[in-house]
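Please read the points below with the model open. They run from the overall fold to single residues.

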Amino acid sequence: MGRTSEAIAEGVAIATAAVRLTVKNQILVGTIARGGTFEIDHYMDEARAALRAMADESEQAAEHLTALRKRARGRHSDPHGTHDYRDRDVRNLRRRAKQSTGVANHLREMTEDPEALKALVEEARAAAWADVRSNLDRRLRVEGMRADQDPEYEQMREARMQALKLVDLQALSSEQRARRKREKAVEKAAEKDAARAEKEGKRVPWTRRA
């Protein structure tokens, strides 16, 4: 992978991370703050719109860099500032414009790829659920707090109910199976230890005859 390709890949990664964060926040607001339901098609549309916005920004950056490159061509005097480009900067500006265009093209391709959009939304949903679970865990650590003592109980109760819409039931089921497997392993090991201890307790110690 060349320098330009690496820069494009990095730019795409940054852009998709921003889109993922945007969709995650929309999921949190839509499902918990507003009491809605999680509909993947709706959030795929939101992800598509966010990707298009990021692609537009990259295209605008490429156009701006192209304009700076044209202005810099043929100018050989000393620059007056960081962004006062000269002819020696033309090559770098061309490369940066190419990178921005590459990022924009890749993001637009993602808007037409249902699998890529679905993956983005699923990652955003997982991040949203992680935030909710973390907040609930912190709330559950409040020692000795009863419902009638907690001024935010009703609000948090509603949030907990809405949060169930974000739960990955398959992941939870997997966690439960793993937990049961660990418990059985512990029980089996304890049984082996008990049997070994019983066997050793019944063993008659050897003594030397006179």
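What share of the 210 residues of the protein counts as buried?

1. Burial and surface. The model is predicted. Of its 210 residues, 26% count as buried. The accessible surface comes to about 15100 Å², and carbon and sulfur atoms account for 50% of that area.

2. Fold. The protein has six helices and zero strands, in the order α-α-α-α-α-α along the sequence. Of the contacts between residues at least 6 apart in sequence, 71% join residues at least 24 apart.

3. Main core. The largest nonpolar core holds 26 residues. Those touching the most other members are Val 19, Val 23, Ile 27, Leu 51, Leu 107 and Met 110. Helices α1 (3-33), α2 (40-72), α3 (90-111) and α4 (114-140) each supply at least two residues of this core. The largest share, eight residues, comes from α4. In soluble globular proteins, nonpolar side chains tend to be buried together.

4. Another core, of seven residues, lies apart from the largest one. Its members include Leu 65, Ala 72, Val 90 and Ala 97.

5. Helix α3. With 22 residues at 1.5 Å a residue, α3 should span 32 Å. The expected span is taken over one less than the number of residues. The end C-alpha atoms of α3 are 32 Å apart, so the model agrees with the expectation. The buried residues of α3 are Val 90, Leu 93, Ala 97, Gln 99, Ser 100, Gly 102, Val 103, Ala 104, Leu 107, Met 110 and Thr 111. As background to reading such a list, an α-helix has 3.6 residues a turn, so residues three or four places apart point the same way.

6. Ser 58. Leaving aside residues up to four places away in sequence, Ser 58 touches Ser 100, Val 103 and Ala 104.

7. Glu 112. This residue is found in the loop between α3 and α4. Which separation is found between the C-alpha atoms of Glu 112 and Arg 48? The two C-alpha atoms are separated by 8.2 Å, although the residues are 64 apart along the chain.

How values were computed. Residues numbered from 1 in each chain as written. Predicted model: local features only at pLDDT ≥ 70, side-chain atom pairs only at ≥ 80, totals over all residues. Heavy atoms only, no water. Helix = DSSP H or I, 4+ residues; strand = E, 2+ residues; numbered from the N terminus. Buried < 20%, exposed > 50% of the residue type's maximum accessible area, 1.4 Å probe, protein only. Contact = heavy atoms within 4.5 Å. Areas by Shrake-Rupley, 256 points an atom, 1.4 Å probe, with all protein chains shown as cover. Core = buried A, V, L, I, M, F, W, Y, C linked by side-chain atoms within 4.5 Å.
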